Amino acid sequence: MTLPAPLDRAEAVVFDAYGTLLDIHSAVQRHAAAIGPEAQTLSGTWRQKQLEYSWVLSLCGRYAPFWTLTERALDVALALHPGVDRGLRADLLEAYRSLDAYPEVPATLDALRRAGLRTAILSNGDGAMLDAALRAAGLESRLDAVLSVDPAGTFKTSPRAYDLAPERLGVARERIVFVSSNRWDIAGAAAYGFAPVWVNRTDQPDEYPGLAPVRVIRALDGLLA
């Protein structure tokens, strides 16, 4: 199989998990009927607050497990959307533990491994979150390594978080293709020295022109095209 750039120069492909392999909005979508017309905005607020907590803590030199931030972010999102029944909190958190994988993900991971590339996750998610999510999505056997930032004690985009991938995989950073749907994560990966590929599923504008991806694709299977 002839691989397109940048895969042709890579030894490993490392993926972000939440939003890249796993659909972060699928938790709210499962309960959209009970939530009502605020479902989409609730999901967006939940995600934004989750990320905001990770960035603020990292800048403060502090750390908490990503699941803790996920719970706190949902509480704030519910407070900001008082029309949503707070009794759904437990159901939403349970749904977040078993997010849906995007439909093209399993076949793409299989194809990369058949081509001789190692596959891994590097995620802000803590180990228990990732284990549950990957098991529910049927992805655990398709990955050579699942790396949480937990041992680094900080979140992406800290270089200490990205250090985990070359250290654990034994692969030089220049030989790692890093794939994320989060443009801020792509910026961090570019600054670190990975070959970053941005999965821009919803035609978002490019916010970080000085820290560009090497490729932009619409879905994960675009890696192979």
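Is Tyr-18 buried or exposed? Select Tyr-18 and see: its relative accessibility is 2%, so Tyr-18 counts as buried. Here, buried means under 20% relative accessible area, exposed means over 50%, and partly exposed is in between, using a 1.4 Å probe and protein chains only.

Before you click on, two notes about what you have open. This is a predicted model, where local features need pLDDT of at least 70 and side-chain atom pairs count only at pLDDT 80 or more, while totals for chains, interfaces and linings use all residues. Residues are numbered from 1 along each chain as its sequence is written, and side-chain values use heavy atoms, with hydrogens and water left out.

**Stop 1: the whole protein**

Zoom out and show the cartoon. You'll find nine helices and six strands; these are DSSP runs (H or I for helices, at least four residues; E for strands, at least two), numbered from the N terminus. The radius of gyration is 17 Å, close to the 17 Å that the globule rule gives for 225 residues, so the protein is as compact as a globular protein of that length. That radius is taken over C-alpha atoms, and the rule is 2.2 Å times the number of residues to the power 0.38. Along the principal axes, the C-alpha atoms fill a box of roughly 50 × 35 × 35 Å. Of the 225 residues, 52% are buried.

**Stop 2: rings around Tyr-18**

The rule: rings of Phe, Tyr and Trp (its six-membered ring) pair if their centres lie within 6.5 Å, with planes under 30 degrees apart called stacked, over 60 edge-to-face and the rest tilted. Where do the two partners sit in the chain? Tyr-18 is in the loop between β1 (12–15) and α1 (26–30), Tyr-96 is in helix α5 (residues 89–96), and they are 78 residues apart. Tyr-96 is buried too, at 3% relative accessibility.

The whole structure has 11 aromatic pairs.

**Stop 3: arginines over rings**

Select Arg-97 and Trp-67. Arg-97 lies over the face of Trp-67, at 4.0 Å from the ring centre. Then try Arg-173, which lies over the face of Tyr-192 at 3.8 Å from the ring centre. To count, NZ of Lys or CZ of Arg must be within 6 Å of the ring centre and within 35 degrees of the ring normal.

**Stop 4: the nonpolar core**

The largest nonpolar core has 72 residues, and those with the most contacts inside it include Tyr-18, Tyr-96 and Leu-223. Such a core is a set of buried Ala, Val, Leu, Ile, Met, Phe, Trp, Tyr and Cys residues joined through side-chain atoms within 4.5 Å. Helix α4 (residues 66–80) gives the most to this core, with seven residues.

Which residues does Leu-223 touch? Leaving out residues up to four places away in sequence, they include Pro-4, Phe-15, Leu-112 and Val-179. Contact means heavy atoms within 4.5 Å.

**Stop 5: helix α9 and its surroundings**

Select residues 183–192. Eight of the 10 residues of helix α9 are buried, so the helix is largely enclosed by the rest of the structure. Among those buried are Arg-183, Trp-184 and Tyr-192. To see what they pack against, show α3 (39–60), α8 (159–169), β4 (176–180) and β5 (195–199). Just after α9, Gly-193 takes a positive phi of about 115°.

Asn-182 is buried, with a relative accessible area of 9%. Asn-182 touches Asp-16, Tyr-18, Thr-20, Arg-47 and Trp-198, not counting residues up to four places away in sequence.

Move on to α8, where the buried residues include Tyr-162, Leu-164 and Leu-169. Their cover includes β1, β2 (118–123), β3 (145–148), β4 and α9. After α8 comes Gly-170, with a positive phi near 65°.

**Last stop: Gly-83**

Finish in the loop between α4 and α5, where Gly-83 lies. Gly-83 counts as exposed, at 58% relative accessibility. Draw a C-alpha to C-alpha distance from Gly-83 to Ile-35: they are 8.4 Å apart in space and 48 residues apart in sequence.
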